[in-house]
Amino acid sequence: MIVWICFLSAILLFLALDLGVFNKTPHVISSKEAGKWTAIWVSLSFVFSAVIYWLYDNNYVANPDQLKPAVASMKYITGYLIELSLSVDNIFVIAIIFSAFKIPKKYQHRVLFWGIIGAIIFRGAMIYFGVLIINKFAWTTYIFGAFLVYTAMKMLFSKEDEAQFNPKKSFVYRYLRKLTPITTQIDGEHFFVKRRHIKAATPLFVALIVIEVMDVIFALDSVPAILAITSDPFLVFSSNIFAILGLRSMYFFLANMLERFSYLEYSLIAILSFVGIKMLVHNFVTIPEWASLAFIAIALITGIIVSLRINKKENNQ
C-alpha cells in the first residue's frame, strides 16, 4: 500500500502544482507550450518503466501474476501505448465538445484539468472491478475479447456520417437540463453563476460533464484492452493514469492537426483486433510480451507515417 499511496500522492501533488502554479492564470495554450508538456509527459511515462522494474525486482509492490521485472516493464509500456493510442479518439470528441459549447481556448485547460480528476476516479473504479471480475470469472476474458473485436469491426465498417457526434443532442445534455438551469453565457472560468437568484450551470460545466461521460464510454474499450495485456492492478492503473495525464497537453498539441492523422484510425482498429483476438486465444496460443509490444508500436508508427505521407501528397496536388 505504501507504493500505491506514494504514487497517488505524487499524481495529486503535480495536479495541484499544475492548477495552482503552472496554470494559475487562464491563458491560451500555445502549440509550443503543449508540445513541451507532451514531450515531458511521454518521457516521464517511459522513465516510469524503469521504476516499475525496480519495484518488481525488489518486491516493493504486490505481484499477483509473479511477473519478472523485465516482463512487468514491457507490460506497462505495452499498456501505456494502447491507452495513448486509444486517447486519439478522445481528442477528436473533446474538440467537438469545446466547439459545440463555444468554450474559449483560455478556459479549456481548466475544464480538462477537472475532467482528469474525474477520469482518474472513474478509471480507478472500472479497473478495480474489471480485475476483480476477470480474476473471479475467468470466462469473462472471452466476453471482453469478443467485445474488442466487435468494436474494431464497428469502427472499420461504420460510415463517416454515423460517427458524427453532436454534444447538444446527446442524452447527457438533455438529462443535465432537467437537473439544473443552464446558461449560454460564459462568466470567466466559473462553472456556476447566479442569474436572478437562480444558480445556473455555465457552458464550462456542461462541457465538463459531457467530457466525463464520454471518457467513461471510451474506457469501456480501453480498460478491457489493457486487461488483455495484464490483470496486475498496479500496471493497469499506472499505465492508464500516465496516458490520461498526457492527454491534456496532447489535445492542445494535436487539436489543430487532427486531420493530418486520419489514417491513424486503422492503427486503432488493428490494435483493438489484436488485443481482442489475444484474449480469445489466450488458452491456446501464448504470444510473447515483446511480440505484443512490437505489434502495437509498429501499428502506431505505420498509421502516423501513412497519414503524414498521404496528407503531404494531397497538399502537393
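Guide: A crossing is left-handed if the near helix is turned anticlockwise from the far one by less than a right angle, and right-handed if clockwise. The model is predicted, so local features need pLDDT of at least 70 and side-chain atom pairs count only at pLDDT 80 or more, while totals for chains, interfaces and linings use all residues. Residues are numbered from 1 along each chain as its sequence is written, and side-chain values use heavy atoms, with hydrogens and water left out. Helices (H or I, at least four residues) and strands (E, at least two) are DSSP runs, numbered from the N terminus.

Visitor: Which hand does the crossing of H3 and H7 have?
Guide: Helix H3 packs against helix H7 (residues 203-227) at an angle of about 155°, the axes being 10 Å apart; axes are lines fitted to C-alpha atoms, for helices over the stretch in contact, and angles run from 0 to 180 degrees between N-to-C directions. H3 is therefore roughly antiparallel to H7 (under 35 degrees counts as roughly parallel, over 145 as roughly antiparallel, 65 to 115 as roughly perpendicular and the rest as oblique). The crossing of H3 and H7 is right-handed.

Visitor: How many nonpolar residues does the contact of H3 with H7 have?
Guide: Contact means heavy atoms within 4.5 Å. Residues of H3 including Ile82, Leu86 and Val93 meet residues of H7 including Val210, Met214 and Phe218. Ala, Val, Leu, Ile, Met, Phe, Trp, Tyr, Cys and Pro count as nonpolar, Asp, Glu, Lys and Arg as charged, and the others, Gly among them, as polar. By these classes the contact of H3 with H7 has three charged residues, three polar and, as the number asked for, 14 nonpolar.

Visitor: Is Lys75 buried or exposed?
Guide: Lys75 belongs to helix H3 and touches Leu67, Ile229, Thr230, Leu235 and Glu289, residues up to four places away in sequence not being counted. Buried means under 20% relative accessible area, exposed over 50%, and partly exposed in between (1.4 Å probe, protein chains only). Because its relative accessibility is 12%, Lys75 counts as buried.

Visitor: How far apart are the axes of H4 and H8?
Guide: H4 passes H8 in a right-handed crossing. The contact involves, among them, Ile120, Gly124 and Ile127 of H4 and Val236, Phe237 and Ile241 of H8. The helices pack at an angle of about 155°, and their axes lie apart by 10 Å.

Visitor: What is the relative accessibility of Gly124?
Guide: Gly124 lies in helix H4. Neighbours within four places in sequence aside, Gly124 is in contact with Ala119 and Phe237. Gly124 counts as buried, because its relative accessibility is 19%.

Visitor: What is the phi of Asn59?
Guide: Most residues other than glycine have a negative phi. Asn59, in the loop between helix H2 (31-57) and helix H3 (69-100), counts as exposed at 60% relative accessibility. Its phi is positive, near 55°.

Visitor: What is the phi of Lys102?
Guide: Lys102 is placed in the loop between H3 and helix H4 (105-136). With a relative accessible area of 63%, Lys102 is exposed. Its phi is also positive, near 50°.

Visitor: How many of the residues of H10 are buried?
Guide: Helix H10 (residues 264-280) reaches 25 Å from its first C-alpha to its last. Among its buried residues are Leu268, Ile271 and Phe274. H10 is mostly covered, the buried number among its 17 residues being twelve.

Technical notes: The expected span of a helix is 1.5 Å times one less than its number of residues.
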